Amino acid sequence: MESDFRNRNGARSDGGMRADSPAPDAAEVALPPFFAQRSVQAKVKHTILRQYAGAWAGIIANGVRGAAVRARADGRGYRLDLVYIDGFGGAGRYGVDVDGSPGPVWASPIIGVQALEVQAAAHASVLDVRISAIICEKESDCYLPLVANLHAAGLRTPITEVAAVGPAALGRVNVLRGDFRRQLEDVRRLLGPGTNADPFVLAMVDPYGPCMAMADLHRLLGRQRTDAIVNFPYYDLEVRSGSARKDAVDRAPMDRQNVEVRNAHFGTEAWHQYSPLPAARREAEWARLYGNQLRAASPGLLAKNIPLQLGDIARTAYHLFLVTRDPNGAMKMNEVLRGAEIDEQWIRWHGQEARLKAEARALGQQSLFGGDPGALPPPAFAKRAFGPEEVAAVLKTRVGGRELSLTGVYGCMADTLYTAGEVQKGLALLKRRGEAEYAGLSSGSTPVRVAA
């Protein structure tokens with residue numbers, strides 16, 4: 001049974017009106033303690049989500065634009081379905097931001113939908129873009145705030161509480177109270193195999209507590225037209241990895257449970273062999289293994305990751321993986337991930353500076369020169385960049401002796417951190433040397449030949 005909520009204009013999601021069922025007031029619903037203040041790593045994660053979700057939707061919309069124009073010229077309709085899935089929605093909002101600012105500080109369920117709605121509006125003159133979302137949360141202390149905050153965010157897409165996703169789910173934000181893993185079959189039936197006119201899907205997989213098993217992730221990622229942002233909780237694994245270093249006969253019940261949960265998380269016992277390694281190498285091998293396991297969900301799947309630190313401590317909290325099938329999306333991933341490295345330093349600095357200022361004000365301290373007490377100098381860092389010479393050398397190794405489309409070249413470079421602009425500069429250098437041939441680089445279908 002569904003209970004209907006009103007959107008920001010007061011209309012029920014089924015088109016009717018019901019005065020006795022007002023949307024809950026976000027201000028009157030208490031946030032659980034975990035959502036009192038957004039952490040540094042949560043803000044970086046949300047920055048990545050907002051940027052990548054918008055870029056992802058824009059790439060897809062531009063990719064189908066020609067087909068939409070042709071359909072319109074022939075008098076036919078053309079609808080693009082974009083679906084955002086947040087399997088572990090949380091409360092939808094934080095009380096304050098990492099630097100103490102009040103916000104509203106929206107969390108991933110709202111950020112993901114907002115990013116797709118922005119792109120839908122940007123392409124409205126050419127495309128009929130229908131936005132849908134499936135948001136799950138099983139904890140009662142998070143679920144009620146989540147529903148209230150979804151309404152408070154003023155989303156354009158109607159919001160409805162549902163017990164399960166069914167055929168009527170497209171075109172609205174479906175909020176489910178329950179375990180996302182148990183909804184997977186219904187979700188798969190709704191979305192289809194990802195061919196023809198099936199929806200394009202971006203999934204956010206960020207469980208709090210028990211991990212999502214690799215077998216379940218494969219059921220999600222194995223569908224064509226499905227990309228994802230997946231949280232790999234490295235710190236939690238590190239804390240519990242001692243169980244795998246014990247001989248099987250010496251493992252207590254809690255040890256056996258730890259091992260079984262992590263075996264399911266990786267989808268293999270191969271992670272055990274890296275447990276005795278030094279910390280830095282262990283982290284690198286576990287992240288590599290997890291990325292490979294994600295890629296195994298479907299041929300041609302690409303996975304990129306970035307480590308994010310634990311608060312102000314220089315230790316990894318988790319690795320955020322971005323997973324796609326589209327080489328153009330992989331290039332955009334590189335831009336987002338490299339930008340996130342800079343963002344994290346700035347976000348961490350703003351949070352530290354705000355805390356120092358607050359502590360200084362609490363102690364009644366004042367600056368001799370009228371400046372802000374407790375101010376920190378901004379971080380010094382160099383933005384990562386790769387020059388044409390380096391990129392050209394890698395292009396020669398990976399593409400030399402072949403003729404590919406520009407998109408195909410991007411696919412060959414997808415596991416690097418190069419951006420599309422850097423790849424094009426590398427190709428331009430090769431062309432000047434007489435080692436590459438192409439007519440232009442304005443289209444992904446442009447043939448490119450690199451000498452052996």
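**Figure 1. Asn196 is found in the loop between α4 (184-191) and β8 (200-205).** This view comes from a predicted model, in which local features need pLDDT of at least 70, side-chain atom pairs count only at pLDDT 80 or more, and totals for chains, interfaces and linings use all residues. Residues are numbered from 1 along each chain as its sequence is written, and side-chain values use heavy atoms, with hydrogens and water left out. Helices (H or I, at least four residues) and strands (E, at least two) are DSSP runs, numbered from the N terminus. Have a look at the backbone of Asn196: its phi is positive, at about 50°, although the residue is not a glycine. Asn196 counts as exposed because its relative accessibility is 71% (buried is under 20% relative accessible area, exposed over 50%, partly exposed in between, with a 1.4 Å probe and protein chains only).

**Figure 2. Arg225 also has a positive phi, near 60°, in a residue other than glycine.** You will find Arg225 in the loop that runs between α5 (214-221) and β9 (226-232). With a relative accessible area of 25%, Arg225 is partly exposed.

**Figure 3. Helices α4 and α5 pack at an angle of about 10°.** Their axes lie 10 Å apart; axes are lines fitted to C-alpha atoms, for helices over the stretch in contact, and angles run from 0 to 180 degrees between N-to-C directions. α4 and α5 are therefore roughly parallel to each other (under 35 degrees; over 145 is roughly antiparallel, 65 to 115 roughly perpendicular and the rest oblique). The crossing of this pair, α4 and α5, is left-handed (the near helix is turned anticlockwise from the far one by less than a right angle; clockwise makes it right-handed). On the α4 side, look for Leu184, Glu185 and Arg188, which meet Asp216, Arg219 and Leu220 of α5. By class, the contact of α4 with α5 has 2 nonpolar, no polar and 4 charged residues. Here Ala, Val, Leu, Ile, Met, Phe, Trp, Tyr, Cys and Pro count as nonpolar, Asp, Glu, Lys and Arg as charged, and the others, Gly among them, as polar.

**Figure 4. α1 passes helix α2 (residues 108-122) in a right-handed crossing.** The axes of α1 and α2 come within 8 Å and cross at roughly 30°, so α1 and α2 are roughly parallel to each other. From α1, the residues taking part are His46, Leu49, Arg50, Ala53, Gly54, Trp56, Ala57 and Gly58. They meet Ser108, Ile111, Gly112, Gln114, Ala115, Leu116 and Gln119 of α2. Sorted by class, this contact of α1 with α2 has 7 nonpolar, 7 polar and 1 charged residues.

**Figure 5. The largest nonpolar core has 51 residues.** Such a core is a set of buried Ala, Val, Leu, Ile, Met, Phe, Trp, Tyr and Cys residues joined through side-chain atoms within 4.5 Å. Trp56, Leu80, Leu82 and Val173 have the most contacts inside this core. Helix α1 (residues 40-73) gives the most to the core, with 12 residues. Apart from this core lies another, of 43 residues, including Leu190, Val201, Ala203 and Met214.

**Figure 6. Val173 and its partners from elsewhere in the sequence.** Leaving aside neighbours within four places in sequence, Val173 is in contact (heavy atoms within 4.5 Å) with Val113, Ala133, Ile135, Leu150, Leu155, Thr157, Pro158, Ile159 and Thr160.

**Figure 7. Helix α11 (residues 388-399) packs against helix α13 (residues 420-432) at an angle of about 80°.** The axes of α11 and α13 are 8 Å apart, and the two helices are therefore roughly perpendicular to each other. Pro388, Glu389, Val391, Ala392, Leu395 and Lys396 of α11 make the contact with Glu422, Val423, Lys425, Gly426, Leu427, Leu429 and Leu430 of α13. By class, the contact of α11 with α13 has 8 nonpolar, 1 polar and 4 charged residues. Although 33 residues apart along the chain, Glu390 and Val423 have their C-alpha atoms separated by 10.0 Å.

**Figure 8. The peptide bond from Gly103 to Pro104 is cis.** Omega for this bond is near 20°. Pro104 belongs to the loop between β3 (93-94) and β4 (105-106).
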